[in-house]
Amino acid sequence: MITGEAEARQFCSDRCDQDAMARFAEFIPMLVSENQRQNLVSESSLEEVWTRHIADSLQLLDHVPRETHKWMDLGSGAGFPGLMLALAKPHQPILLVESRRKRIEWLERVCGDFGLKHCKVIGSRLESVDSLEIGLITARAFAPLGKLLELSARFSTRSTVWLLPKGRKGPIELEEQPGAIREMFHVEQSQTDPSAGILVGKGRPALR
């Protein structure tokens with residue numbers, strides 16, 4: 001369990017190269033500045049930005065199979081986790097789906113400033129995105145689990161990996177799902193918050 005900013009930075013450094021760490025160091029003041037223009041994250045969370053946002057995002061890498069190709073982040077918002085994964089892995093194809101104009105502009109600006117050519121921002125509601133096969137689906141604070149699966153199942157295959165940070169609500173939301181969904185997912189302990197969990201799953205949801 002990460003217990004401070006120094007540990008969080010080391011946690012991130014263990015999972016990406018020094019070029020990525022330099023990108024994160026450059027990204028943080030950009031986030032602080034943009035947060036004055038639009039409320040991307042809570043002001044208090046910026047005091048622990050490595051723990052609350054960067055390490056919290058990069059911990060998902062521990063659950064990604066090596067061969068996983070195209071990634072999609074739902075409701076990317078401020079960029080967590082999808083944009084952080086793109087900064088860590090700039091050669092990895094990643095789609096960031098976001099419908100709010102100011103958030104879209106922010107995500108596009110960061111991608112442009114860092115030359116993230118393999119990270120594409122899709123400025124649209126998820127319902128309007130064309131169907132395609134995705135190897136990894138991530139989402140943080142996008143929608144309750146049932147709604148999330150209903151909206152995104154069409155992007156999944158039998159080998160799709162789902163990584164859904166759900167805080168303390170994760171086990172409760174999972175318990176409310178049909179048996180096939182409960183069997184598809186399990187809960188992993190978050191490394192950044194002792195009360196939080198990550199729903200980890202694989203496959204195409206068998207919806208009602």
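Q: Which residues line the second largest pocket?
A: This is a predicted model, in which local features need pLDDT of at least 70, side-chain atom pairs count only at pLDDT 80 or more, and totals for chains, interfaces and linings use all residues. Residues are numbered from 1 along each chain as its sequence is written, and side-chain values use heavy atoms, with hydrogens and water left out. On a 1 Å grid over the protein atoms alone, a pocket is an open set of points where a 1.4 Å probe fits, with protein on both sides within 12 Å along at least five of seven lines, and lining residues have an atom within 4 Å of a point. For the second largest pocket, the lining is Arg-15, Leu-61, Val-64, Pro-65, Arg-66, Thr-68, Trp-71, Lys-89 and Gln-92.

Q: How many nonpolar, polar and charged residues does the lining of the second largest pocket have?
A: Ala, Val, Leu, Ile, Met, Phe, Trp, Tyr, Cys and Pro count as nonpolar, Asp, Glu, Lys and Arg as charged, and the others, Gly among them, as polar. Leu-61 and Arg-66 are among the lining residues. The classes in this lining number four nonpolar, two polar and three charged.

Q: What volume of space lies in the largest pocket?
A: A volume is the space filled by probe spheres set on grid points, which are joined across faces, edges and corners. The second largest pocket holds about 210 Å³. The space in the largest pocket is about 1000 Å³.

Q: Which residues lie nearest the centre of the largest pocket?
A: The lining of the largest pocket divides into 16 nonpolar, 16 polar and 14 charged residues. Of the 46 residues in this lining, those nearest the centre are Asp-56, Phe-80, Arg-140, Ala-141 and Pro-165.

Q: Which element gives the most residues to the lining of the largest pocket?
A: Helices (H or I, at least four residues) and strands (E, at least two) are DSSP runs, numbered from the N terminus. Two or more lining residues come from each of α3 (49-58), β2 (94-98), α6 (145-152), β5 (161-167) and β7 (197-202). With four residues, the element that gives the most is α3.

Q: Where does Pro-81 lie, and is its bond from Phe-80 cis or trans?
A: Most peptide bonds are trans. Pro-81 is in the loop between β1 (71-74) and α4 (82-88). With omega near 5°, the bond from Phe-80 to Pro-81 is cis.

Q: What is the phi of Ala-141?
A: Most residues other than glycine have a negative phi. Ala-141 sits in the loop between β4 (136-139) and α6. Its phi is positive, near 60°.

Q: Are α2 and α5 roughly parallel or roughly antiparallel to each other?
A: Axes are lines fitted to C-alpha atoms, for helices over the stretch in contact, and angles run from 0 to 180 degrees between N-to-C directions. The axes of α2 (residues 18-37) and α5 (residues 101-113) come within 12 Å and cross at roughly 160°. Angles under 35 degrees count as roughly parallel, over 145 as roughly antiparallel, 65 to 115 as roughly perpendicular and the rest as oblique. The two helices, α2 and α5, are therefore roughly antiparallel.

Q: Is the crossing of α2 and α5 left-handed or right-handed?
A: A crossing is left-handed if the near helix is turned anticlockwise from the far one by less than a right angle, and right-handed if clockwise. The crossing of α2 and α5 is right-handed.

Q: How is α2 set against α3?
A: The axes of α2 and α3 are 12 Å apart, and the helices pack at an angle of about 130°. That angle makes the setting of α2 against α3 oblique.
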